[in-house]
Amino acid sequence: MAPITWKEGSKLSKLQKYLLGVIVVCVAFFGFVIVRIGIAQPSSTFKLAQIPTENNAHLGMEAFKEAYPLQYESYQMTASDSPTPTGYGSSGVHSRLMDEPEMIENWKGYAFSLQYDDDRGHVYALEDVKNSLRTNKANQSGSCITCKSAYTKDVFYDTMGWDYTLKSFKELADQVPNDASIACATCHDVKTMKLRLVIPAQIEDLERNWGKTWDELSDNDKRALVCGQCHTEYYFEQAKKGRVVFPRDNGYTAEEMYEYYKRTDLPGGFKGDWKHPDSGAMMLKAQHPDYDVWKTSVHADAGVTCIDCHMPYMRKNGQKYTSHYISSPLKYVEDACLKCHDESKEVLIARVKTIHDNTFKLQRTAGITCAKAHLAIKAAAEAGATDEQLAPARELIREAQWYWDYVEAENGVGFHNPDQCMRTLGLSIDLAHQAIEAANAATRGAFPMDNLPDKPFDHL
């Protein structure tokens with residue numbers, strides 16, 4: 001009998017047999033994966049755990065060590081003092097006043113002129129402030145504890161409200177255990193491990209300027225604000241103590257914030273952080289506006305948040321986890337930058353170093369020019385210029401130094417928003433020169449700008 005054709009059910013060809021085999025293997029494989037996903041228990045790294053709450057143990061790090069070992073282990077790496085590849089950033093305890101002595105003149109009369117060191121990792125956040133001359137000799141208020149521990153919200157604020165800021169910093173800091181500085185509970189709800197806010201000022205700012213609750217925000221907004229609640233500009237409504245306020249009502253740039261600070265109806269009647277003893281100007285002190293600088297950047301526009309760069313996904317022993325080694329992304333370029341960029345590691349580091357170098361050079365120029373302006377105004381006053389005559393010069397140095405400080409206090413050395421930082425430093429230099437000229441005009445040429453010393457801080 002003649003063989004039956006394919007249309008009538010003939011034997012399969014070799015190609016057809018091969019394709020059928022591939023299909024069978026794929027079905028078996030993916031079926032196995034689906035079953036495994038359905039019946040497998042979550043990895044021990046990611047499972048929710050009952051965190052002990054006795055004596056506020058859940059506000060410290062040790063309570064999470066066994067439940068989340070990879071996150072805990074990576075967080076402990078923030079104790080590392082390894083320098084960044086560009087040479088900027090933490091490499092142990094180091095005084096920035098030695099590298100930029102103009103800071104001493106610019107912050108004269110304010111606690112930052114006593115001690116200002118390179119930032120170390122989150123492990124040291126509370127320890128370094130406790131040991132700083134800024135809190136010991138200056139007798140700082142409890143306001144300074146605000147961003148240093150989850151104790152601020154869950155213990156101090158929840159029991160005292162804003163009155164915790166009326167206590168001394170030392171009294172509050174002594175109640176916080178060594179492992180409860182910046183810890184898991186600072187960013188996570190310990191029952192669900194979802195991101196949360198703990199800084200009262202951020203919660204108030206969310207209501208005032210966003211008109212939303214935390215739960216109404218997008219995931220990206222939460223991933224940025226959980227860092228931005230501390231890494232931002234703020235002030236104390238009574239200058240040296242009292243409620244912490246974020247000056248974001250007008251916007252996030254240095255110029256928009258300065259417009260806010262010019263208001264006469266600020267909370268607590270705030271006028272400034274201190275009066276400079278040389279120029280007599282009422283000054284503003286910027287506080288690490290990392291979130292604010294990033295907010296108007298290219299990365300922000302692209303939806304890239306702090307966590308994407310500083311806390312990238314990593315793998316260890318087959319487990320995927322979010323790294324808590326919060327440091328310069330240049331220390332783990334492959335896991336952070338190269339997930340989006342297709343340039344080489346070497347090219348990216350060189351690009352960042354160029355931004356750092358240029359920003360630092362312009363920052364030095366702005367800081368030195370501001371220092372000269374303070375001394376020019378002082379000389380004009382000593383030459384007989386009145387307060388009324390010096391008012392324009394004092395307003396100019398106040399604004400000039402604010403712009404310098406806004407960039408100087410920001411931890412990215414320009415990288416978080418290069419264009420904005422360069423513009424802000426340029427404004428600072430221009431305004432500082434205007435302040436010197438205004439002081440000169442107040443004395444009708446008695447203190448020419450050309451006679452100012454090149455290094456007005458050498459005597460300090």
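Q: What makes up the secondary structure of the protein chain in this predicted model?
A: The chain comes to 18 helices and 6 strands. A run counts as a helix from at least four residues and as a strand from at least two.

Q: Why are H16 and H18 called roughly parallel to each other?
A: Let's start with the angle: helix H16 (residues 345-382) and helix H18 (residues 418-442) pack at about 20°. Angles under 35 degrees count as roughly parallel, and therefore this pair is described that way.

Q: What else describes the packing of H16 and H18?
A: Their axes lie 8 Å apart, and the crossing is left-handed. By class, the contact of H16 with H18 has 16 nonpolar, 8 polar and 1 charged residues.

Q: Which residues of helix H7 are called buried, and what makes them so?
A: In H7 (residues 151-160) they are Tyr151, Thr152, Lys153, Val155 and Phe156. They carry that label because buried means under 20% relative accessible area. What covers them includes helix H8 (169-173) and helix H10 (200-210).

Q: What follows H7?
A: Glycine 161 comes next, and its phi is positive, near 65°.

Q: How much of the protein chain counts as buried?
A: With the same cut-off of under 20% relative accessible area, 48% of the 460 residues count as buried. The accessible surface of the chain comes to about 23,000 Å², and 55% of that belongs to carbon and sulfur atoms.

Q: Among contacts between residues at least 6 apart in sequence, what share joins residues at least 24 apart?
A: In the protein chain, that share is 66%.

Definitions and conventions:
Residues are numbered from 1 along each chain as its sequence is written. This is a predicted model: local features need pLDDT of at least 70, side-chain atom pairs count only at pLDDT 80 or more; totals for chains, interfaces and linings use all residues. Side-chain values use heavy atoms; hydrogens and water are left out. Buried means under 20% relative accessible area, exposed over 50%, partly exposed in between (1.4 Å probe, protein chains only). Contact means heavy atoms within 4.5 Å. Axes are lines fitted to C-alpha atoms, for helices over the stretch in contact, and angles run from 0 to 180 degrees between N-to-C directions. Angles under 35 degrees count as roughly parallel, over 145 as roughly antiparallel, 65 to 115 as roughly perpendicular and the rest as oblique. A crossing is left-handed if the near helix is turned anticlockwise from the far one by less than a right angle, and right-handed if clockwise. Ala, Val, Leu, Ile, Met, Phe, Trp, Tyr, Cys and Pro count as nonpolar, Asp, Glu, Lys and Arg as charged, and the others, Gly among them, as polar. Accessible areas come from the Shrake-Rupley method with a 1.4 Å probe; for residues, only the protein chains shown count as cover.
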